[in-house]
Amino acid sequence: MSKVFDFTGDNDFCPGGFLYQNPKESSLFLSLGSHVDVYFPPRKRSRISAPFVVSGGAKQQPSIETLPDECLFEVFRRLPGGHERSACACVSKRWLMLLSSIHRDEICTTAMTHFVEPEDRSESQKSDEFAQPKEKGEFGDLNGIKPEDVEFQEADSHGYLSRCLEGKKASDVRLAAISVGTTSRGGLGKLSIRGNTSTRRLTDLGLKAISRGCPSLGVLSLWNLSSVGDEGLSAIATSCHSLEKLDLCHCPAITDKGLITIAMNCPNLTSVTIESCVNIGNGSLQALGRNCPNLKCITVKNCPLVGDQGIASLFSLAGHTLTKANFQALNISDVSLAVIGHYGSAMIDLALGGLHNVNERGFWVMGKGQGLQKLKSLSVTSCKGVSDVGLEAMGKGCPSLKVCGLQKCPLVSDNGVVAFAKAAGSLQSLRLEECHRITQFGVLGILSNCSGKLKDFTLTNCLGIQDIDFEFPLTSSCCSLRSLTIRNCPGLGNTGLGVLGRLCSGLTHVDLTGLQGITDSGILPLVQRSVVGLVKVNLSGCVNLTDNLVAEITKLHGATLEILNLDGCRCITDVSLKAIARNCSLLSELDVSQCGITDSGIAILAGAEQLFLRVLSLAGCSLVSDKSLPFLGLLGKSLVGLNIQHCCGISCSTVNQLLEHLWRCDILS
């Protein structure tokens, strides 16, 4: 035995390594790690009973870290509350990921963990210890969840919490922390993740953690995430059966497999958005239609694998429940529109855009299908197949249609829009944008044939509208029209506006932005014919208007006018401000940017006792200087917004004084 215990070495510490020449022999009696230093008294022979003194020179790893994950898992799931789980999650990444791997159903309740309490502790002692307040900072906050808020909300399982992660903040570790920190508060109800080029640390593991800790998740939005795929989405589907809204945008790793799993496991799904997901196709839409009886809203944009088969399956299976649909940039044809027109019995809001394979027949068949009886809103953008015949068919086939918008439809002409206005008896709002075949005859035809219900009419960038001097028969007027918007239609002049003024006598909102060819004489008929009283007037970019028009507007409608925009009307001077100060009692927003306003005009506004402006814009008024400081201070008592950008006459010191004194006002300088 002496040979077994004999060793060689000096009489000092023996750092590292084995104490014996043959390591196999020493392992029979002692199990010493390489990090342990052992001291022996100086003697030739050693006894088994010799004292072992552990040196404090080397740093020891905490003993609990030597436990395998399985043991820690059992310990963590028996923690009594959210305080303890949040505190343990802050220890290390390993503990955090272990805690996030515990499903909410696997957490032991308080009753199940009583056996770990010492037997000699009475119930009163336990309750006193529980009620005793802990020291501040004893447990670190996790994702904004305060420990004192967690302990008493474990019964809340509704999932009202919401989180939004963007860019670098989106990672597996962050999602694991959210899962652990919100589990005792009912879990998340809404999770939105917006990735970018720097979002590389988020994978399916993060979504798996959310699925385990947040089974009550109701809304999930994933945008620009290339590293999240079917595995993570399937985990959500398996655990989060309460999911109601799903939004997937630019997620190339997600395929039909993941979305089909969602459809099969989430029967409460009501809204689905799929945008620019190149691997999602017809199978997903078919599964949604077959397995989601509550599906009401569907949006599919720029998904090249989606075709007629997917749209046809979706509407044939769920057309009686779908109320809102938006299809853009899809490889679908006339067949899909025919199916929508036949099976979309519950459809209320329909938007179509960029359907280049749809021809004239598609819209005609959709209108003739007689299935869109409840349709109230229709929007068509960049669809070359829309023609006069199809538009008229839509007007006749959709008797409940109230709102219609046509944008970049090159085949639509005067005949089509007039026939549509006659057929759509419930139409209240019509918006035409970049429809260049529509002329002044079409505009006047719409207003005189709108069945007396049209309230809002908008023309934007319609280059086909030219000012033509002709006698239009005023057989009927459009007294129901309340809002008229004509933007950036350079061909419209005084003659056309004069005719519109005679047709529309009930206007309250007028927007003539960018009509550089009109003058005071063109707008006066609109102003003088309004018997209800103008509330909002936008004349931005009408460079030829003068103070005479503003004086007439304020004289006739000063008692009702609330918003006046004269941005870019270079001929407007302090005379207009004097008329505004004298006649307008309800005006809350005034924009005189790039006008000929001076300090005297600002003083006139400040002296108007009945005027309580909320927003004032003086951007680009070069004649306004530091002398307006006291007057702006008076106006600032009611202002919440002031724009003095590009006012070269106002110095930096004046701006600083305004920022100091008008601290309640949002100042742009």
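A: Asp 520 has its place in helix α20, residues 520-529, where helices (H or I, at least four residues) and strands (E, at least two) are DSSP runs numbered from the N terminus. The model is a predicted one, in which local features need pLDDT of at least 70 and side-chain atom pairs count only at pLDDT 80 or more, while totals for chains, interfaces and linings use all residues. Residues are numbered from 1 along each chain as its sequence is written, and side-chain values use heavy atoms, with hydrogens and water left out.

Asp 520 is buried and yet has no salt bridge; buried means under 20% relative accessible area, exposed means over 50%, and partly exposed lies in between, with a 1.4 Å probe and protein chains only. A salt bridge is a side-chain nitrogen of Lys or Arg within 4 Å of a carboxyl oxygen of Asp or Glu. For Asp 520, the nearest side chain of opposite charge is that of Arg 570, 13 Å away, where Lys and Arg count as positive, Asp and Glu as negative, and His and the chain ends are not counted. Beyond its neighbours within four places in sequence, Asp 520 is in contact with Asn 544, Leu 545, Thr 546, Asn 548 and Leu 549, contact meaning heavy atoms within 4.5 Å.

The loop between β16 (509-511) and α20 holds Leu 512, which counts as buried because its relative accessibility is 0%. Setting aside neighbours within four places in sequence, the contacts of Leu 512 include Ile 486, Leu 497, Ile 518, Ile 523 and Leu 526. Cys 542 is also one of its contacts, and the C-alpha atoms of Leu 512 and Cys 542 are separated by 7.7 Å although the two are 30 residues apart along the chain.

In contrast with Asp 520, which has no salt bridge, Asp 511 meets Arg 487 in one, at 2.9 Å from N to O. Asp 511 lies in strand β16 and Arg 487 in strand β15 (residues 483-487), so this pair ties together parts that are 24 residues apart in sequence. Asp 511 is buried, with a relative accessible area of 9%, whereas Arg 487 is partly exposed at 38%.

A search of the whole structure finds three salt bridges. One of them joins Lys 208 and Glu 231, whose closest N and O atoms are 2.3 Å apart; Lys 208 lies in helix α9 (residues 204-213) and Glu 231 in helix α10 (residues 230-239), so the pair links parts that are 23 residues apart in sequence. Glu 231 is partly exposed, with a relative accessible area of 47%. Lys 396 and Glu 392 also form a salt bridge, at 3.3 Å from N to O, and, being four residues apart in helix α16, they are separated by about one helical turn. Lys 396 is exposed, with a relative accessible area of 53%, while Glu 392 is partly exposed at 29%.

Helix α16 (residues 388-397) in turn packs against helix α17 (residues 414-423) at an angle of about 10 degrees, with their axes 8 Å apart. Axes here are lines fitted to C-alpha atoms, for helices over the stretch in contact, and angles run from 0 to 180 degrees between N-to-C directions. The two helices are therefore roughly parallel to each other, a label for angles under 35 degrees, with over 145 counted as roughly antiparallel, 65 to 115 as roughly perpendicular and the rest as oblique. Both Glu 392 and Lys 396 take part in the contact on the α16 side, and the α17 side includes Val 417, Ala 419 and Phe 420.

For the chain as a whole, the secondary structure comes to 25 helices and 22 strands, and buried residues make up 50% of the 669 residues. Of the contacts with a separation of 6 or more, 81% are between residues 24 or more positions apart.
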